[in-house]
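Dear colleague,

Please find the structure below, handed over for your review.

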Amino acid sequence: MRVKVLRWSLPLIILGAAYGGYVAISSGNAEALETKPTNTSLTVKVSPLRSSDHNVVITSHGEVSPVEITQLSAQVSGEVVSWHPSFVAGGIVKKGEILFSVESENYYAAVLQAEADLATAQASLIEEKAKAEVAKRQAKNVPSSQVTDLYLRKPQVLSAKAQVKSATASLKRAKRDLDKCRVVAPYNALVIEREIGVGQYISAGTRVATLNNIEAAEIHIPIAGFDSVFLPQEYASVTAKVTRKGVNNIEREGKIERDIGVIDSATRMTNLVIKVTDPYALSSSASPLKFGSYVEVQFIGKMLKHVYRLPQELVNNRQVWVVNENDELEPRNVNVIRAEQEFILINEGLNDSDRLVLTVPEYPQKGTRVELSTVDNYFKQ
């Protein structure tokens, strides 16, 4: 009988114990939930927006090249007798320095001969003028019908004058040839190559060297169509910063010299010419900017009125996030007018009263309520 009672009461005992455990666990969880509430709100950093006027900075690249390249030729024939120590490839010569000399004995002799011919011609002219004066006096005693230009020796005087002019011209040519025996640098120049040596005979017109003008350099920079609309109204003489980047950057000042005047048929770009004075720094302590250097050129373009300049990481697919008056996230579609390095310029879609989100959540949702941490003057320029 006792065994039968235990068989029926055991399940009831087990069921009661299980229920008691469930009640204990439930009450413990309730206390935990009551004592440790979960905070699901987001905190984001925001900054008040303020539009401003902004000068567009246009950046392009190009190669430094000489303003002028001269293929130097000899103007007289003869033997090379000497040349300047700097008249070598890579040498720098100044304007007016003698680059090389040609043997001049024959040309000096030609000057003496021309001077003698001129003296003879001048003597003949004096003699003919004297004879003409005698004929003029004698003509007073001769019938007028017999007094002709030939009688008065006018043709002879004209011929003598022509001989003087011819001799004068010959003397000038002889002196010029004598001067050309010493070939001088036409400007401050970098010698690219020299093709003569002492003792070599050269003929007039022979190319002897290649010189690059180093008084100024030019940089042709392409301007894309989207940049051309931001060029200043009058860009001639606008100052530009020229930078050759490397281990040690070299910065020089240049000026916009001119527009090439045509649009490249392949790239559809226009080209500006930047002029840099004294690129090899002959008359200053600046660092030389050598021909062939690839440089970056920056200059100020148009001024844009009432624009917002935002870091690129805050703009995604022409959209930014702001916090509305209810402290909720709100996406804004904006009009991007230009990108400058790490910044984006925006002229539509934002207002000065907006609060821009600086720390956008990983998966932002419109209408999400957020806590704010305000950063003042984040966009101070």
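The notes that follow concern salt bridges.

This is a predicted model, in which local features need pLDDT of at least 70 and side-chain atom pairs count only at pLDDT 80 or more, while totals for chains, interfaces and linings use all residues. Residues are numbered from 1 along each chain as its sequence is written, and side-chain values use heavy atoms, with hydrogens and water left out.

A search of the whole structure finds 13 salt bridges (a side-chain nitrogen of Lys or Arg within 4 Å of a carboxyl oxygen of Asp or Glu). One of them pairs Arg-258 with Glu-218, with the closest N and O atoms 3.1 Å apart. Arg-258 belongs to strand 13 (residues 250-263) and Glu-218 to strand 11 (residues 216-223), so this pair ties together parts 40 residues apart in sequence. Strands (E, at least two residues) and helices (H or I, at least four) are DSSP runs, numbered from the N terminus. Arg-258 is partly exposed at 36% relative accessibility, whereas Glu-218 is buried at 11%; buried means under 20% relative accessible area, exposed over 50% and partly exposed in between (1.4 Å probe, protein chains only).

In a further salt bridge, Asp-227 meets Arg-338, the closest N and O atoms being 2.3 Å apart. Asp-227 is in helix 4 (residues 225-228) and Arg-338 in strand 18 (residues 335-340), 111 residues apart. Both Asp-227 and Arg-338 are buried.

Arg-332 and Asp-354 also form a salt bridge, at 2.6 Å between the closest N and O atoms. Both residues, Arg-332 and Asp-354, are buried.

Kind regards
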